[in-house]
Amino acid sequence: MAEPGRTERWGFELPLMLFAGFRSLIDELHAELAERGHPDARPAYGFAMQAIGRDGVTASELGRRLGISKQAAGKTVDRLAALGYAERVDDAADARRKRVRLTPRGLEALALSAEIFEELRGRWAATLGAERLRAVEDALEAVVPPGAYRLDGGAWFGG
């Protein structure tokens, strides 16, 4: 990144540093999840489980939320179901459709992820100082457009 003695950074370094910070948090999350009973959890599954949410979705809606095709969403659901994180159930509103919903294991993984993210944030606060971390968060909030919390990151990166 920045050369020793150089006080300025190049523009391309900012997205790389932001991504490295994101990646380190996600990697630490998954190491913790593995230790706490979820060794098969992967980042893409986390996005998918967030997109499924507590109320469940159809495969088409899951695809839209993740920015992937209905077929790709179906494959994701197949994998989540095989791991015990999600299941397909009849749609009470339309007998022709199936809904995807999280199982108790899937809900546990999401709750555990939230808990671990709080722990990781605490580690960052211990390293940077609470005020400095808050300043970083406030600065990012000032430049990130409203509604930017989207779940289609995997499709955006891959596509």
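Biologist: How many aromatic pairs does a search of the whole structure find?
Modeller: The search finds one aromatic pair. Keep in mind that this is a predicted model.

Biologist: Which residues form that aromatic pair, and how are the rings arranged?
Modeller: The partners are Phe 19 and Phe 22, and the pair is tilted. Their centres are 6.3 Å apart, with 35° between the planes. The pair counts as tilted because stacked needs planes under 30 degrees apart and edge-to-face needs over 60.

Biologist: Where do Phe 19 and Phe 22 sit in helix H1?
Modeller: H1 covers residues 13-35, and the two are three residues apart in that helix, so about one helical turn separates them.

Biologist: Switching topic. Which residues of the largest nonpolar core touch the most other members?
Modeller: That core has 24 residues, and those touching the most other members are Met 49, Ile 52, Leu 62, Leu 80 and Tyr 85.

Biologist: Which elements give two or more residues to this core?
Modeller: H1 does, along with helices H2 (43-52), H3 (59-66), H4 (70-82) and H5 (104-128), and strand S2 (94-102). In general, nonpolar side chains tend to be buried together in soluble globular proteins.

Biologist: Take Leu 62. What does it touch, not counting residues up to four places away in sequence?
Modeller: On that count, Leu 62 touches Ala 48, Ala 51, Ile 52, Val 57, Ala 73 and Val 77.

Biologist: Now the helices. How do the axes of H5 and H6 cross?
Modeller: They come within 6 Å, at a crossing angle of roughly 115°. H6 is residues 130-143. H5 and H6 are therefore roughly perpendicular to each other.

Biologist: Which residues in H5 and H6 meet?
Modeller: From H5 there are Arg 121, Trp 124, Ala 125 and Leu 128; from H6, Ala 130, Arg 132, Leu 133, Arg 134 and Glu 137. By class, this contact has five nonpolar and four charged residues, and no polar ones.

Biologist: Back to the whole protein. How many helices and strands does it have?
Modeller: Seven helices and two strands. Along the sequence the pattern reads α-α-α-α-β-β-α-α-α.

Biologist: And what box do the C-alpha atoms fill?
Modeller: Roughly 65 × 30 × 25 Å, taken along the principal axes.

Biologist: What share of the residues counts as buried?
Modeller: Of the 159 residues, 28% count as buried. As for contacts between residues at least 6 apart in sequence, 51% join residues at least 24 apart.

How values were computed:
Residues are numbered from 1 along each chain as its sequence is written. This is a predicted model: local features need pLDDT of at least 70, side-chain atom pairs count only at pLDDT 80 or more; totals for chains, interfaces and linings use all residues. Side-chain values use heavy atoms; hydrogens and water are left out. Rings of Phe, Tyr and Trp (its six-membered ring) pair if their centres lie within 6.5 Å; planes under 30 degrees apart count as stacked, over 60 as edge-to-face and the rest as tilted. Helices (H or I, at least four residues) and strands (E, at least two) are DSSP runs, numbered from the N terminus. A nonpolar core is a set of buried Ala, Val, Leu, Ile, Met, Phe, Trp, Tyr and Cys residues joined through side-chain atoms within 4.5 Å. Buried means under 20% relative accessible area, exposed over 50%, partly exposed in between (1.4 Å probe, protein chains only). Contact means heavy atoms within 4.5 Å. Axes are lines fitted to C-alpha atoms, for helices over the stretch in contact, and angles run from 0 to 180 degrees between N-to-C directions. Angles under 35 degrees count as roughly parallel, over 145 as roughly antiparallel, 65 to 115 as roughly perpendicular and the rest as oblique. Ala, Val, Leu, Ile, Met, Phe, Trp, Tyr, Cys and Pro count as nonpolar, Asp, Glu, Lys and Arg as charged, and the others, Gly among them, as polar.
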